[in-house]
Amino acid sequence: VCDFRTPSTHNVYAYGGVDDAYGLGTHYGGWTLIKKNAWCSKSLRKDLKDQSSSTTISECQALALKDPDCGNQIYGNRNGGRCRCILPGKNCDFRMPSTTNDVYAYGGLNGAFVPQ
């Protein structure tokens with residue numbers, strides 16, 4: 001695992017899945033907004049917090065990372081509230097329209113990362 005200690009003009013690349021080597025805040029890992037104004041079907045998700053919870057997107061992301069029933073996608077209300085993760089091995093089907101929900105993926109380029 002590269003420790004990224006020294007500034008450099010060299011790029012570092014990784015091959016494989018998301019693990020401890022690709023944590024939040026690194027160039028490869030972290031959360032990426034993959035679809036604005038969308039939600040995911042009930043059969044693909046787990047409810048983590050309801051609309052009245054005032055849960056922020058950052059809090060939702062942290063909850064999903066700690067939950068073994070969550071894969072690497074979440075969606076939530078950008079104004080605070082609803083928090084849902086997508087089940088492992090599933091990908092959001094980007095249901096629309098939604099005026100307040102956004103979908104995020106954790107990690108690098110993989111099957112769940114579909115830039116919009």
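Modeller: Quick ground rule: a disulfide here is a pair of cysteine sulfur atoms within 2.5 Å. The model is predicted, so local features need pLDDT of at least 70 and side-chain atom pairs count only at pLDDT 80 or more, while totals for chains, interfaces and linings use all residues. Residues are numbered from 1 along each chain as its sequence is written, and side-chain values use heavy atoms, with hydrogens and water left out.

Biologist: How many disulfides does a search of the whole structure find?

Modeller: One joins C40 to C92, S to S 2.0 Å. C60 and C83 form another, and C70 and C85 pair with sulfurs 2.1 Å apart. The search of the whole structure gives three.

Biologist: Is the disulfide of C40 and C92 left-handed or right-handed?

Modeller: C40 sits in the loop between strand 1 and strand 2, and C92 in the loop between strand 4 and strand 5, 52 residues apart. The torsion about their S-S bond is about -100°, so this disulfide is left-handed.

Biologist: Is C92 buried or exposed?

Modeller: Buried means under 20% relative accessible area, exposed over 50%, partly exposed in between (1.4 Å probe, protein chains only). C92 has 7% relative accessibility, so C92 counts as buried.

Biologist: What pattern do the disulfides of the protein follow?

Modeller: C60 in helix 1 links to C83 in strand 4; helices (H or I, at least four residues) and strands (E, at least two) are DSSP runs, numbered from the N terminus. C70, in the loop between helix 1 and strand 3, links to C85 in strand 4. Counting bonded cysteines along the chain, the pattern is 1-6, 2-4, 3-5.
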